[in-house]
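Reader: I have a structure to look at and would like to learn how to read it. Where do we begin?

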Amino acid sequence: MLSGDAVNYIGGYFELELPRGRGNWHPQAIALSTGRACMAAILQQVKPRMVRMPFYTCDALIAPVLEAGIELEFYHLDKQLHPVRLRAPGRGELLVAINYFGLQTAMIRAFTERFDNRLVADCTQAFFERPSPGQWAFCSARKFFGVPDGAYLYTAEAINIRPPRNPASDIRHLVNRLVGRQQTGYRQVRLFEQKIDCRIRRMSILSERLLSRVDYVEARRRRRENYLLLHRRLAKHNLFHATLPADATPFCYPLLLDRPVDRRLLACHRLYVPTLWEEVPRRRGTGFDWERKFATQLLPLPIDHRYEPEHMEDALQRLQKVVNL
């Protein structure tokens with residue numbers, strides 16, 4: 001029987017050659033298009049009256065809550081991004097905890113034991129974590145690999161969703177980055193991200209095939225190796241306690257200095273460091289001065305599987321040209 005993922009034409013021109021591989025890091029999860037779709041699916045199933053989450057987060061996590069008309073409340077974090085005086089979720093409440101940089105798995109596991117199925121673990125920065133059974137959690141493939149969409153949802157209970165497959169497979173930004181047209185690709189990816197919504201869809205066939213070909217073991221090894229190299233060189237300057245747990249696979253190297261750094265100067269040396277997240281300093285809410293400062297000053301340095309140790313040494317030299325460490 002032919003796959004339902006393709007129209008059953010016979011003959012004609014060839015499609016993009018993407019043989020299906022054997023890799024799938026999350027075979028027990030539901031493969032959806034985005035982290036927003038995962039959060040929307042959880043809200044659709046649980047139907048909470050209120051969601052509580054940290055103020056230090058991206059608008060993408062907030063959007064499904066507001067779109068569903070659910071009350072939203074923020075809670076505080078300390079200087080190491082641990083919740084401050086976190087109370088247990090009440091009746092009809094969901095609590096969202098974020099595994100920042102992939103370094104806080106132990107904290108997430110402790111919260112899971114404490115709050116059970118009233119907790120949602122946002123693991124979008126911890127792709128390689130496989131959550132405990134009976135836990136609401138999701139992770140993002142797009143934050144770790146060059147794919148147009150992709151996220152994995154873990155559920156605390158059986159849910160009956162049969163969403164359509166995501167038809168969007170715009171890979172122009174990915175291809176332009178691959179062939180060295182960085183600036184063109186950057187403009188395209190900004191436009192691409194503006195079009196992402198909260199609709200619940202299955203992962204696109206393109207991302208599914210691409211992700212099946214990933215060498216996940218090697219990707220983990222490279223990330224850890226690159227992270228540890230940067231940590232050895234930068235730990236004494238870092239105000240954030242960035243020790244890498246033995247079982248963690250990091251998202252980036254979170255460098256927090258005692259002063260802001262002009263990212264435009266880093267970009268002039270072709271070291272591209274994003275802001276996590278640009279919307280946090282502008283977001284309304286009183287008493288979250290630390291979170292706003294953290295978002296402004298944090299330098300999430302790239303350490304992903306595209307790079308070898310010599311690339312990290314090069315990145316350190318480029319950083320040194322802007323920041324006198």
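**Salt bridges and a sheet**

Author: Arg87 counts as partly exposed, at 38% relative accessibility. Buried means under 20% relative accessible area, exposed over 50%, and partly exposed in between (1.4 Å probe, protein chains only). This is a predicted model: local features need pLDDT of at least 70, side-chain atom pairs count only at pLDDT 80 or more, and totals for chains, interfaces and linings use all residues. Residues are numbered from 1 along each chain as its sequence is written, and side-chain values use heavy atoms, leaving out hydrogens and water.

Reader: Which side chain meets Arg87 in a salt bridge of 3.5 Å, N to O?

Author: A salt bridge is a side-chain nitrogen of Lys or Arg within 4 Å of a carboxyl oxygen of Asp or Glu. Here the partner of Arg87 is Glu73. Arg87 lies in the loop between E3 and E4 and Glu73 in strand E3, so the pair ties together parts 14 residues apart in sequence. Strands (E, at least two residues) are DSSP runs, numbered from the N terminus.

Reader: Is Glu93, which also forms a salt bridge with Arg87, buried or exposed?

Author: Glu93 is buried, with a relative accessible area of 4%. Its closest approach to Arg87, N to O, is 3.3 Å. A network of salt bridges links Arg49, Arg52, Glu73, Arg87 and Glu93.

Reader: What is the strand order in the open sheet?

Author: Strands of a sheet pair through backbone hydrogen bonds, either parallel or antiparallel. Two strands pair if DSSP finds at least two bridges between them. The seven strands here have the order E1-E7-E6-E5-E4-E2-E3, with mixed pairing. Strands E1 (30–32) and E3 (71–75) are the edges, each pairing on one side only.

Conventions. Helix = DSSP H or I, 4+ residues; strand = E, 2+ residues; numbered from the N terminus.
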